[in-house]
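Subject: Structure handover

Hello,

Here is the structure for you to look over. My notes follow below it.

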Amino acid sequence: MLVLTRKSGESLMIGDDIEITVISVSGDQVKIGINAPKQIDIHRKEIYFQIGNENKSASAGVADLSGLFKLPPLN
């Protein structure tokens, strides 16, 4: 893990197109701003894991998908 020290208003870059900016620091809370391309999903970690768990649950109930991909015979 890379650990950096930044002050309010300072930023860091991830690659060429993701910028993380410290907006403010108040007590034990830090507000950050994230500037990234629209095609990149950004979630809080707990939400990211919740989405993954819901996706696993949704796919667990599907036993056999082979019938979904059968094409009708050509006449």
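Among contacts in the protein between residues at least 6 apart in sequence, what percentage join residues at least 24 apart? The figure is 0%. Contact here means heavy atoms within 4.5 Å.

First, the ground rules. This is a predicted model, in which local features need pLDDT of at least 70, side-chain atom pairs count only at pLDDT 80 or more, and totals for chains, interfaces and linings use all residues. Residues are numbered from 1 along each chain as its sequence is written, and side-chain values use heavy atoms, with hydrogens and water left out.

Overall layout

The protein has 1 helix and 3 strands. From the N terminus, the order is β-β-β-α. Helices (H or I, at least four residues) and strands (E, at least two) are DSSP runs, numbered from the N terminus. Of the 75 residues, 7% are buried. Buried means under 20% relative accessible area, exposed means over 50%, and partly exposed is in between (1.4 Å probe, protein chains only). The accessible surface is about 7,200 Å², and carbon and sulfur atoms hold 56% of that. Areas come from the Shrake-Rupley method with a 1.4 Å probe; for residues, only the protein chains shown count as cover.

The strands

Strand E1 (residues 11–14) runs antiparallel to E2, joined by 4 bridges. Two strands pair if DSSP finds at least two bridges between them. Met 13 sits opposite Glu 19 in E2. The E1–E2 hairpin has 3 residues between the strands, and Gly 15 takes a positive phi near 65°.

E2 also pairs with strand E3 (residues 29–35), again antiparallel, over 7 bridges. Ser 26 has Gln 29 in E3 as its bridge partner. This hairpin has 2 residues between its strands. Gly 27 in the turn has a positive phi of about 65°.

Thr 21 lies in strand E2 (residues 18–26). Its relative accessible area is 18%, so Thr 21 is buried. Leaving out residues up to four places away in sequence, Thr 21 touches Gly 9, Glu 10, Ser 11, Lys 31, Ile 32 and Gly 33.

Ser 8 belongs to the segment before E1. Ser 8 counts as partly exposed because its relative accessibility is 48%. Beyond its neighbours within four places in sequence, Ser 8 contacts Val 22, Ile 23 and Ser 24. The C-alpha atoms of Ser 8 and Val 22 are 5.0 Å apart, with 14 residues of sequence separation.

The nonpolar patch

Which residues make the nonpolar surface patch? They are Val 25, Val 30, Ile 32, Ile 34, Ile 40 and Ile 42, over about 500 Å². Patches are made of residues with over 30% relative accessible area and no salt bridge: like charges are joined within 9 Å, nonpolar side chains (Val, Leu, Ile, Met, Phe, Trp, Tyr) within 5 Å. A salt bridge is a side-chain nitrogen of Lys or Arg within 4 Å of a carboxyl oxygen of Asp or Glu. E3 gives the most to the patch, with 3 residues. Val 25 lies in E2. Val 25 is exposed because its relative accessibility is 53%.

The aromatic pair

There is 1 aromatic pair. The ring centres of Tyr 48 and Phe 49 are 5.7 Å apart and the planes are at 70°, so the pair is edge-to-face. Rings of Phe, Tyr and Trp (its six-membered ring) pair if their centres lie within 6.5 Å; planes under 30 degrees apart count as stacked, over 60 as edge-to-face and the rest as tilted. Tyr 48 is exposed at 53% relative accessible area, while Phe 49 is partly exposed at 47%.

Best wishes
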